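Q: I should like to learn how to read the main features of a protein model, one at a time. Please give the general idea first and then the case at hand.

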Amino acid sequence: MKLGDRKWDAVVVGGGPGGSTAAALLADVGRKVLVIDREHFPRFHIGESLLPCGNAVLRRLGIYDRLEAEGFVRKFGVDFMPSSSVGMVRVNFAEFFPEAEQPGPAFNVERSRFDDLLLENARSRGATVVTGASAKTFREHEDHVEVEITEGETTHRVTAPWLIDASGLGHFVGKALKLPRVELGVSPKIVCFGYFKGVYRSEGRESGHVGIVRFDHGWFWFIPISDELTSVGMVRHLSEAKANASSMEELFAQALIELPEIRFRMKRAEQVGELRKVSDYTTRYKTVAGRRHFIVGDAANFIDPIFSSGVMLAFKSAALAADLLNGKKAFTAPLTPSEQRTYQQSIFRDADTLLPMIKAFYDQRGFEVFMNPHSAPKIFAAMGRLLAGKLDPTFPDRMRIQGFYLATWLQRYTKVAPRIPLQ
Ligand SMILES: Cc1cc2nc3c(=O)[nH]c(=O)nc-3n(C[C@H](O)[C@H](O)[C@H](O)COP(=O)(O)OP(=O)(O)OC[C@H]3O[C@@H](n4cnc5c(N)ncnc54)[C@H](O)[C@@H]3O)c2cc1C
């Protein structure tokens, strides 16, 4: 297909959750959208646990009911545990919402299948999808953008009034425009992860719960992604892992022996496929919208995987970008500085609501306070809503969450909550 000969309304770089959401919502109102992805789908991707408050976008895309029909694992909550196996805090999302505001269960997804479904959905709504095609360069002109795309031996020069960068950690626009980054005060991490059969899981409704096990240098995730398979990942501080003489694979194997909670969960586990690694993924660009482009999802901002917010944030930012374009009086008029600000403030506000909670989790004192929910049930409920992905807390909830941060700070100097030994 000669992509350069066609007239496009928008070029979307990246066919992950962000790209396919933006493409579907633009195609819905008749826009001619080209989505390209450098990979062929279905392709592997990390990020398998979704949040209930992301369901709104899935319903808008007409995908939510299909996830259950297609056998994706329903996730009603998250279980937090210390590696020393001294207790568990169970977050059941439904408990924290009144009947009328129940978001419904979230899902754990094998991303290859999930992303393929989303991209097919965009295609079925009218977007043109080309996989195995890589965006190479980008220039923003007064009235259009120009993107150079390579597909095998072929080079396409494509123009459109709009570019949506949904390239995830590929950071297409960030790199092309050499955008400055924002320092978020989060230490770089490294992750080693793989799939296992026979991992311990709870029974019944809780069988789809994600397990988070905190140890002294990081944490493990346990995400049931099918009846058989569990995704297991170990996250550590990059500096600590680098200083350690052992490789990440060796540290992973060591944790299976040395950490009681991990040992218990992995007693009958059998590895399926290879262990993979990823590191140093935290990024935020200073500007994530320009006169003729939006940067959505991870390509704009990604902090940390701990609360499984990445896909939801990609959905929300992509839907916002599409809605802003669809709502414009003159579709081809460039984004005004105020429109750019509206977009940027909204997506950073969402991420910033989670940022201090992420930092508190990595702070052992914060973790200790979090693991003692019964002393302040209203604070715990406010945090439960936040962990479900409700990133616009009410004023009372904001005060309760501040109460948690205050308790975390006090825990350094006095015993607000019992100390928890971490190994
Ligand atoms: C260790 C780890 C664990 C995580 N766990 C979770 C989790 O449990 N739950 C959760 O919600 N999130 C999780 N995330 C985050 C989640 O993976 C991302 O937030 C999410 O995938 C973002 O979606 P996206 O559409 O922005 O980008 P992506 O899903 O990364 O999609 C980007 C696409 O762009 C394509 N691309 C890149 N560059 C180019 C180019 N130049 N040309 C063409 N195509 C290009 C890529 O091939 C890719 O398909 C995790 C992240 C990490 C690092």
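A: Let us begin with burial: a residue counts as buried under 20% relative accessible area, as exposed over 50%, and as partly exposed in between (1.4 Å probe, protein chains only). In helix α9 the buried residues are Gly310, Val311, Met312, Leu313, Ala314, Phe315, Ser317, Ala318, Ala319, Ala321, Ala322 and Leu325. Because 12 of the 17 residues of α9 are buried, this helix is largely enclosed by the rest of the structure. The model is a predicted one, in which local features need pLDDT of at least 70 and side-chain atom pairs count only at pLDDT 80 or more, while totals for chains, interfaces and linings use all residues. Residues are numbered from 1 along each chain as its sequence is written, and side-chain values use heavy atoms, with hydrogens and water left out.

Q: How are the helices named, and what span is expected of α9?

A: Helices (H or I, at least four residues) and strands (E, at least two) are DSSP runs, numbered from the N terminus. The expected span of a helix is 1.5 Å times one less than its number of residues. Helix α9 covers residues 310-326, and its 17 residues reach 24 Å from the first C-alpha to the last, close to the expected 24 Å.

Q: Which residues of α4 are buried, and what do they pack against?

A: Contact means heavy atoms within 4.5 Å. The buried residues of α4 are Arg111, Ser112, Phe114, Asp115, Leu117, Leu118, Leu119, Asn121 and Ala122. They pack against α1 (17-28), β2 (33-37), α2 (55-60), α3 (64-69), β7 (128-131) and α9. The 14 residues of α4 (111-124) should span 20 Å, and the end C-alpha atoms are 19 Å apart, which agrees. Just after α4, glycine 126 takes a positive phi of about 120 degrees.

Q: Why is α12 described as largely enclosed, and what covers its buried residues?

A: Helix α12 (residues 377-387) is largely enclosed by the rest of the structure because 8 of its 11 residues are buried. Those buried residues are Phe380, Ala381, Ala382, Met383, Gly384, Arg385, Leu386 and Leu387. Their cover includes β4, β5, α10, α11 (364-370) and α13 (395-410). Glycine 389, which follows α12, has a positive phi near 105 degrees.

Q: Which residues have a positive phi although they are not glycine, and are they buried or exposed?

A: Serine 85 has a positive phi of about 65 degrees although it is not a glycine. Serine 85 lies in the loop between β4 (77-82) and β5 (89-92), and its relative accessibility of 34% makes it partly exposed. Lysine 178, also not a glycine, has a positive phi of about 50 degrees. Lysine 178 sits in the loop between α5 (172-176) and β12 (189-197), and at 71% relative accessibility it counts as exposed.

Q: Where is the cis peptide bond?

A: The cis bond joins phenylalanine 41 and proline 42, with omega about -5 degrees. Proline 42 belongs to the loop between β2 and α2.

Q: How is the protein divided into domains?

A: Domain bounds come from an automatic or database domain assignment. They give domain 1 (3-65 + 109-182 + 283-351), domain 2 (189-279) and domain 3 (363-423). The C-alpha centres of domain 1 and domain 2 lie 31 Å apart, and 9 residues of domain 1 are in contact with 11 residues of domain 2.
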